Amino acid sequence: MMEIEEVNNYESLPLLSLNHVSLLCRSVWDSMRLYEEVLGFIPIKRPSSFKFNGAWLYNYGIGIHLIENPLIDDLDTIIEPRPINPKDNHISFQCRDVEIVKGRLEDMGMKYVTAVVEDEGNTVDQVFFHDPDGYMIELCNCENIPILPLSACLFKPRMSSFGRAVFGPAKCGFVENAMMESLSMDMLDISF
């Protein structure tokens, strides 16, 4: 796993990794089935001091904490589930074989959508689906696209939409380009 060192004015926090994601669910048992059977999480012991229904699951160095609240939808009058939208909030997991995941989802009668991301000859396959409570989950082979800090991107002058030369990343994605263009413009404003 690659660690990225950020260069800024703040001392780095002693963070190690993502520990767990906590999700409210209508039925712990329904959610556990999905997280166990589709994603391969294993139920683990949770503290005995908890006085509410829930479950802790663990695998891949990540915990999923399910907290049962059968009244989640009391104020929600939506009968149809939300469409599966890859641009919505979601949890993403690395996956070696997206086709196996799609087969398992089909076996369970679950709806999903797929997407493909391409960058400089690298391809990432994505599968998006909802858990029983509507939380979006993505499984992908995202490791196919290298993680590059913005400082590692190549810079060269390019023309902006206003005909001015702007220094921006030549080999980075759209968001990185927008961030660097904004930073460059801010720096130009400061220098005059």
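These are my notebook entries on what I looked up in this structure, which is a predicted model.

**Entry 1: overall make-up**

I began with the secondary structure. The protein has three helices and ten strands. I then read the order of the elements from the N terminus, and it runs β-α-β-β-β-β-α-β-β-β-β-β-α.

Next I looked up how much of the chain is covered. The protein has 192 residues, and 27% of them count as buried. Its accessible surface comes to about 13900 Å². Carbon and sulfur atoms hold 58% of that surface.

Among contacts with a separation of 6 or more, 49% are between residues 24 or more positions apart.

**Entry 2: helix α1**

Which residues of helix α1 are buried? I found V28, S31, M32, L34 and Y35, in a helix that covers residues 28–37. Viewed down the axis of α1, these buried residues fall within an arc of 165°, so they line one face of the helix.

I then asked what covers the buried residues of α1. The cover includes strands β1 (20–25), β2 (42–44) and β3 (54–59). It also includes β4 (62–68), β7 (122–130) and β8 (136–140).

**Entry 3: salt bridges**

How many salt bridges does a search of the whole structure find? I noted three.

One is formed by D133 and R26, with their closest N and O atoms 3.6 Å apart. This pair links distant parts of the chain, as the two residues are 107 residues apart. D133 sits in the loop between β7 and β8, and R26 sits in the loop between β1 and α1. I looked up the accessibility of both partners. D133 counts as buried because its relative accessibility is 15%, under the cut-off of 20%. R26 is partly exposed, at 31%.

Another salt bridge joins E37 to R33, with the closest N and O atoms 3.3 Å apart. Both residues are in helix α1, and because they are four residues apart they are separated by about one helical turn. E37 is partly exposed, with a relative accessible area of 41%. R33 is also partly exposed, with 44%.

The salt bridge of E99 and K102 has its closest N and O atoms 3.1 Å apart. These two residues lie in helix α2 (residues 98–107), three residues apart, which is about one turn of the helix.

**Entry 4: cysteines**

I counted one disulfide. It joins C140 to C142, with an S to S distance of 2.1 Å. The angle about the S-S bond is -115°, and the link is left-handed. C140 counts as buried, at 1% relative accessibility. C142 counts as partly exposed, at 30%.

The cut-off for a disulfide is 2.5 Å. C95 counts as buried, at 14% relative accessibility.

I also looked up C25. C25 is buried, with a relative accessible area of 1%.

**Entry 5: a nonpolar patch**

I looked for nonpolar side chains on the surface. I42, I44 and Y58 form a nonpolar patch there. Together they have about 270 Å² of accessible area. Y58 lies in strand β3. Y58 counts as partly exposed, since its relative accessibility is 41%.

**Entry 6: A115**

Last, I picked A115, which is found in strand β6 (residues 113–119). A115 is partly exposed, with a relative accessible area of 23%.

Which residues is A115 in contact with, leaving aside its neighbours within four places in sequence? I listed V124, D125, Q126 and F128.

I also noted the spacing of A115 and P86. These two are 29 residues apart along the chain, and their C-alpha atoms are separated by 8.0 Å.

Note on methods. Residues numbered from 1 in each chain as written. Predicted model: local features only at pLDDT ≥ 70, side-chain atom pairs only at ≥ 80, totals over all residues. Heavy atoms only, no water. Buried < 20%, exposed > 50% of the residue type's maximum accessible area, 1.4 Å probe, protein only. Arc of directions from axis to C-beta. Contact = heavy atoms within 4.5 Å. Patch = residues over 30% accessible without salt bridge, like charges linked within 9 Å, V, L, I, M, F, W, Y side chains within 5 Å. Areas by Shrake-Rupley, 256 points an atom, 1.4 Å probe, with all protein chains shown as cover. Salt bridge = Lys/Arg side-chain N within 4 Å of Asp/Glu carboxyl O.
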